[in-house]
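Please keep the view open as you read, and take the points in order.

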Amino acid sequence: PEQTYANIDKIRGSGVTLLSIINDILDISKIESGSFETVLTEYHTQSLISDTVQLNMVRIGGKPITFELSADEALPSKLYGDELRIKQILNNVLSNAIKYTKQGQVRLRISSEKSEENFILIMAVSDTGIGIRKEDIGRLFSEYIQLDAKANRKIEGTGLGLSITKRLLDLMDGTIAVESEYGAGSTFTVRIPQTVADPSPIGAAAAEKLNSLRFMTERRDTAEEPLRTYMPMPYGKVLVVDDVAINLEVAKGLLEPYGLTVDCVSSGKEALERLRKETVHYDLILMDHMMPEMDGIETTKRIRNSIGSEYALTVPIVALTANALAGNDEMFMASGFNDYISKPIDITRMDAVLTRWIKSGRNESETPATVEVPGPEKTENLEKPAAVKSVPGLDMPGGIQRYRSEKTYWRILQSYLKSIPDILEKLRSPSEENLPDYIISVHGLKGSSYGIHAAEIGKLAEALELAAKEGDLKTVLEQNDALIAATEQLLKDLSDYLNTTSAPA
């Protein structure tokens, strides 16, 4: 119901607010220690604006404040930068405006400015609040300072928001300017250099929706089918390389709607042998990062350096990795990869990678004159797994939605049931000597579990993988039995379910 939906959304917003106080303190300590890094990604300009505004609308509450948003229709659709930190900056400035305004208006203007070298995102927040004395403006960005403390003693916060904002802007070569009249209000103007990822403007319709605040109140349909670019022959042949059988099934399931020809091998050695024979020329190789004996990086280096053919030098290789940390993209590129996809695999990201390296690499004249693009499977059978919650810890509706097919998801669950017991055997006796092998095995369990939407097992495995990588054998020994027991219980419940439920037609 609408009222329940609104209440849940407010609970989420309040939780974010509470966490922001903790995050402020953590951020300051990271910045001061020199360990703070920006993480650059492509992001949608509309989402940046709407997400931040939606969060701050909750803060107005019952105050007699009108909120006005003015977004320029010429703003590019997509930008490239640290979206999370830009949201943090805008959130800090907006929340302050609302916090220190008892009545009147808060206004947000989003525009841009171009030069030959830079694109500047401009965000200006004006309010009719208490304002700032001229002699206090210089102290605004100091840590743990709340100006006019006596008058503002009931205002919540750490006094770190603007200090963090200034430091974040310094890290991103941005600026913040302040204009204020004490007792009448203030204007904070933030300017941040960004890279344009998609120059097409958001347009008048989207700007009008944002400015009327309808963009924030329209629900995003999470069940909506993700777009997938159909690529039948003569487009693509894909080779998937992964040592875990369930991961191969997951990749095949995600690639199935594209109409691509998919081959699978379970080791770097097998991949090398296939490419040396050159009986099949693949248009793309999806290469797992962490594999025993020969990992994805070593395999890719050998493909590039030891085969000696033009094909081996140029075939696009994309890393499949659960280690997509800041800086790892440069490591993959330096090792001969063309791109990477984080695990668990995001369908939108996979679609972009396939389109870039397969479809865009082909001459459009090669496209068949007519192709029948298959839609999602009929949904008559989808209600059964969604309704029968007989496998605790397994989000079956989410899995079916992810793979667009109950039949495909069923096949992946069967593969999980067959392949995971072998992984568990490798996890049973962790020691100092076999810790590197333990890392690979628990990494495989993590990825496989996230792949079938068994998030609880995935999180347990992820925590132990991290502990093992840090050499924390004590934690591994303390928690390993719990991971194995939880996984064995999932396997039992899953086996019971698959054995007592009819397979989808």
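1. A term to begin with: a residue is called buried when its relative accessible area is under 20%, and exposed when that value is over 50%. Please also keep in mind that this is a predicted model.

2. Is Ile423 buried or exposed? Its relative accessible area is 9%, and buried means under 20%, so Ile423 is buried. You will find Ile423 in helix 15, which covers residues 406–427.

3. What does Ile423 touch, once residues up to four places away in sequence are set aside? The answer is Val244, Ser441, Gly444 and Leu445. While you are there, look at Tyr438 too: it lies 15 residues from Ile423 along the chain, and the C-alpha atoms of the two are separated by 9.5 Å.

4. Next, have a look at helix 7, residues 245–255. This helix is mostly covered, with 9 of its 11 residues buried. Among the buried ones are Ile246, Leu248, Val250, Leu254 and Leu255.

5. Now for a pair of helices. Two packed helices are described by the angle between their axes and the distance between the axes. For helix 2 (residues 45–60) and helix 3 (residues 83–99), the angle is about 30° and the axes are 10 Å apart. An angle under 35 degrees counts as roughly parallel, and helix 2 and helix 3 are therefore roughly parallel to each other. Their crossing is right-handed.

6. Which residues make this contact? From helix 2 come Ser47, Leu48, Asp51, Thr52, Leu55, Asn56, Arg59 and Ile60. They meet Glu83, Ile86, Lys87, Leu90, Asn91, Leu94, Ser95 and Ile98 of helix 3. By type, the contact of helix 2 with helix 3 divides into 7 nonpolar, 5 polar and 4 charged residues.

7. Strand 11, residues 317–321, is mostly covered, with 5 of its 5 residues buried. Ile317, Ala319 and Thr321 point one way from the strand, while Val318 and Leu320 point the other way. Residues on both sides of strand 11 are buried.

8. Finally, what are the partners of strand 11? Strand 10 (residues 284–288) runs parallel to strand 11 and is joined to it by 4 bridges. In that pairing, Asp288 stands opposite Leu320. Strand 12 (residues 339–342) is also parallel to strand 11, again with 4 bridges.

Conventions. Residues are numbered from 1 along each chain as its sequence is written. This is a predicted model: local features need pLDDT of at least 70, side-chain atom pairs count only at pLDDT 80 or more; totals for chains, interfaces and linings use all residues. Side-chain values use heavy atoms; hydrogens and water are left out. Buried means under 20% relative accessible area, exposed over 50%, partly exposed in between (1.4 Å probe, protein chains only). Helices (H or I, at least four residues) and strands (E, at least two) are DSSP runs, numbered from the N terminus. Axes are lines fitted to C-alpha atoms, for helices over the stretch in contact, and angles run from 0 to 180 degrees between N-to-C directions. Angles under 35 degrees count as roughly parallel, over 145 as roughly antiparallel, 65 to 115 as roughly perpendicular and the rest as oblique. A crossing is left-handed if the near helix is turned anticlockwise from the far one by less than a right angle, and right-handed if clockwise. Contact means heavy atoms within 4.5 Å. Ala, Val, Leu, Ile, Met, Phe, Trp, Tyr, Cys and Pro count as nonpolar, Asp, Glu, Lys and Arg as charged, and the others, Gly among them, as polar. Two strands pair if DSSP finds at least two bridges between them.
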